[in-house]
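Dear colleague,

I am passing on the structure we spoke about, with the sequence alongside. My notes on what was found follow below it.

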Amino acid sequence: MSEEALRERVHGWQQGALALDLAFIGVHGGLFDRLAEGAPMAPEALARAAGLDEGYVRAWCQAAYAFELLEHDEDGYRNSPLGEAFRAERRPTLLPAAVGSLFAAHMAERAAGLMTSGERPGESVLAERETLLRWFGPMLEAGFGGLFERQILPAVAEFAEVDAKGGLAVDLGCGNGWYLRILARHRPHLRGLGLDGFAENVRQARELAEREGLGDRLSFREGDIDHFASEEPADLIAMNRALHHVWDQRERVFNLIRDHLKPGGVAVIWEPAWPDSVDALRTPNRRPMAFQNLAEYVQGNHFLRPAEIEAAFAEVEMESRLYTFNDGAEAVVVGRRPG
Ligand SMILES: C[S@@+](CC[C@H](N)C(=O)[O-])C[C@H]1O[C@@H](n2cnc3c(N)ncnc32)[C@H](O)[C@@H]1O
């Protein structure tokens with residue numbers, strides 16, 4: 001590649017990163033949402049409507065206009081189609097790209113600093129940026145909800161099996177509860193219990209379930225996966241992007257899963273599928289996983305090969321079956337407790 005081509009490529013990345021940073025500000029401040037409500041607005045009016053400082057809002061409007069996130073005329077600013085596409089409520093929404101970009105910058109900064117000592121501070125690093133905290137749930141929901149609803153849910157027959165019994169589905173490390181909400185919408189007899197260690201996630205999960213009229217079928221608790229206990233045995237136990245967080249406790253976790261399932265019940269574990277060879281990482285669908293694995297390293301975790309999950313099921317005498325999605329980048333391993 002010529003020097004000029006290299007430069008052009010990197011400038012493209014730089015512009016992209018700046019645009020995503022500005023989009024995050026627009027999302028977090030509710031600025032795209034306010035602008036979507038009606039007529040164009042001058043920065044003063046937008047700042048008033050969003051309850052934000054006028055000086056910051058004016059500077060953001062100018063920058064967002066420069067990056068084509070906003071349009072501008074004598075009446076004021078309005079969302080461009082690009083800016084509109086980042087709104088959290090929209091489906092599909094580009095919100096995960098904006099939140100993910102900021103989160104990546106934070107994790108890259110931590111990894112760069114920690115590389116000298118080798119220290120791995122654990123999951124507390126996730127809570128270091130207050131503005132990011134409330135966006136983890138919406139980012140994961142918008143990033144993976146569609147794949148679950150359109151591909152995984154129809155492909156994994158065990159969901160219908162639980163529904164037919166009006167059974168209980170447990171989600172360990174449930175985040176904002178999107179998985180149980182989608183499941184409950186499509187499988188109308190099933191009940192759900194979600195557990196997460198992060199209070200903000202549980203708060204959002206309860207609120208969103210109520211808002212969608214699912215409050216009587218879904219409940220959420222704050223707690224540690226390692227100490228999960230439920231009096232009612234489950235028909236299905238799900239873990240989505242949560243197993244790698246507790247992999248160092250896998251013996252305990254897999255025993256706990258088996259012991260909380262009814263005979264014949266299933267565990268449905270969804271994880272990014274870490275490939276056997278580094279060569280496979282250089283594809284657009286696996287690149288984010290490669291970066292995320294570095295961010296996981298800072299947190300004391302690492303991504304798993306599907307064969308490792310299958311082996312962990314075998315250790316507790318559960319037979320497993322592997323489904324893959326997104327050209328092999330996503331693995332769903334279903335383990336069944338003997339009947
Ligand atoms: C990557 S997020 C995935 C969240 C959700 N399952 C989803 O797919 O959007 C991992 C989740 O596991 C939770 N978690 C990690 N370790 C946990 C533990 N030991 N006990 C309870 N929750 C835990 C985190 O709070 C976080 O919400």
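The centres of domain 1 and domain 2, taken over C-alpha atoms, are separated by 35 Å in this predicted model; domain 1 covers residues 3-84 and domain 2 covers residues 134-336 of the protein chain.

There is an open sheet of seven strands with mixed pairing, in the order E5-E4-E3-E6-E7-E9-E8. Its edges are formed by strand E5 (218-222) and strand E8 (319-325), each of which has a single partner strand, so one side of each is left without a neighbour in the sheet. From one strand to the next, the twist averages 15°.

Strand E4 (residues 191-196) runs parallel to E5 and is joined to E5 by five bridges. Helix H11 (residues 199-211) packs on the sheet, where H11 touches E4 and E5, and the direction of H11 makes about 165° with that of E5. Helix H12 (residues 250-260) also packs on the sheet, touching strand E6 (234-240) and strand E7 (261-272), with a direction that makes about 140° with that of E7.

Leaving aside neighbours within four places in sequence, the contacts of aspartate 196 are Gly173, Cys174, Gly175, Asn201, Val202 and Glu222. Proline 92, by comparison, is 104 residues from aspartate 196 in sequence and 26 Å from it in space, C-alpha to C-alpha.

Methods: Residues numbered from 1 in each chain as written. Predicted model: local features only at pLDDT ≥ 70, side-chain atom pairs only at ≥ 80, totals over all residues. Domains from an automatic or database assignment. Pairing = 2+ DSSP bridges. Helix = DSSP H or I, 4+ residues; strand = E, 2+ residues; numbered from the N terminus. Axes fitted to C-alpha atoms, helices over the stretch in contact; angles between N-to-C directions. Contact = placed C-beta atoms within 7 Å.
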